Amino acid sequence: MKKCFLEALKFKGFSFVEARTMCIVNYGRRLGYKNSNEMLLHYKEFYKINDDAEELAQNEIGILKSTPVS
Amino acid sequence: MDNNSRFKRYLKLDLLPTPWCPGCGNGIALKTICQAFDELDLPKQGTVVVSGIGCSGRSAGFFDLDSVHSVHGRAIPVAEGIKYAHDALNVVVVSGDGDLLGIGGNHLLHAIRRNTNITVICYANEIYGMTGGQVSPTTPHNTKTLTTPQAIRITPLMFSLSLSTVIAFLPALRRII
């Protein structure tokens with residue numbers, strides 16, 4: 001995640017980072033997770049890291065770059 | 001301060017602990033942002049954090065930097081205004097998915113079109129957490145929430161999915177203009 005933030009801060013132009021965070025009290029609890037660690041492990045299982053891709057699927061995370069505009 | 005705790009200089013330590021619920025991911029993200037700031041050694045005088053409304057909007061108050069807690073969904077226009085007024089500043093937007101993608105979706109689209117040099121960090125927790133668990137733009141398919149008791153059947157908006165085409169298209173657009 002830190003790598004993503006660093007890349008975004010360094011990038012010249014508009015950059016967007018989507019960080020998946022867990023909301024255990026209002027969301028995880030209703031889905032049946034007992035604690036936030038369980039939810040985090042589910043995220044770890046569900047999302048696959050795909051670093052050098054042109055397009056990402058629904059369950060992939062990675063960095064997408066456009067060519068910098070001067 | 002040693003190397004591991006140097007990121008703490010970007011935080012208002014007397015305000016800690018944060019008001020977020022135990023087990024929330026926002027605190028982790030806040031710490032990681034500070035570590036990234038520390039790694040790039042951003043000056044404290046030249047960095048502005050803008051946040052929207054929501055649980056994640058609270059995080060602007062914890063940075064020991066100039067910060068704006070703006071109105072709901074309009075964090076990006078405020079940040080863009082700051083950037084246009086003073087180009088030397090590093091402007092970072094920290095906000096949630098309901099704020100940036102839901103209510104401020106239009107502003108996000110046009111910020112991409114204008115290609116302002118700002119960084120937007122979105123805490124996507126897949127729900128409107130602060131108001132009690134309503135369905136948000138990033139809620140995954142087939143999930144039961146407070147406002148969708150029979151499970152949502154709409155594909156979630158993921159920035160990388162729906163807007164990557166816009167980013168890819170931007171340089172070409174620039175050439176035409």
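1. Two residues are taken to be in contact if their C-beta atoms, placed from the backbone, lie within 7 Å. In chain A, residues 24 or more positions apart account for 15% of the contacts with a separation of 6 or more. This is a predicted model, in which local features need pLDDT of at least 70 and side-chain atom pairs count only at pLDDT 80 or more, while totals for chains, interfaces and linings use all residues. Residues are numbered from 1 along each chain as its sequence is written, and chains are lettered from A and ligands numbered from 1 in the order in which they are written.

2. Chain A comes to three helices and three strands, where helices (H or I, at least four residues) and strands (E, at least two) are DSSP runs numbered from the N terminus. Along the sequence, their pattern is α-β-α-α-β-β. Of the 70 residues of chain A, 23% count as buried, a residue being buried if 20 or more other C-beta atoms lie within 10 Å of its own, exposed if 12 or fewer, and partly exposed in between.

3. In helix H2 (residues 24–31) of chain A, the buried residues are Ile24(A), Asn26(A), Tyr27(A) and Gly28(A). The buried residues of H2(A) pack against helix H3 (36–46) of chain A, and just after H2(A) comes Gly32(A), with a positive phi of about 100°.

4. Strand E1 (residues 47–51) of chain B is mostly covered, since four of its five residues are buried. Strands are said to pair if DSSP finds at least two bridges between them; E1(B) runs parallel to strand E3 (residues 90–96) of chain B, with five bridges, and parallel to strand E2 (residues 66–69) of chain B, with four bridges. Thr47(B) stands opposite Asn90(B) in E3(B), and Ser51(B) stands opposite His69(B) in E2(B).
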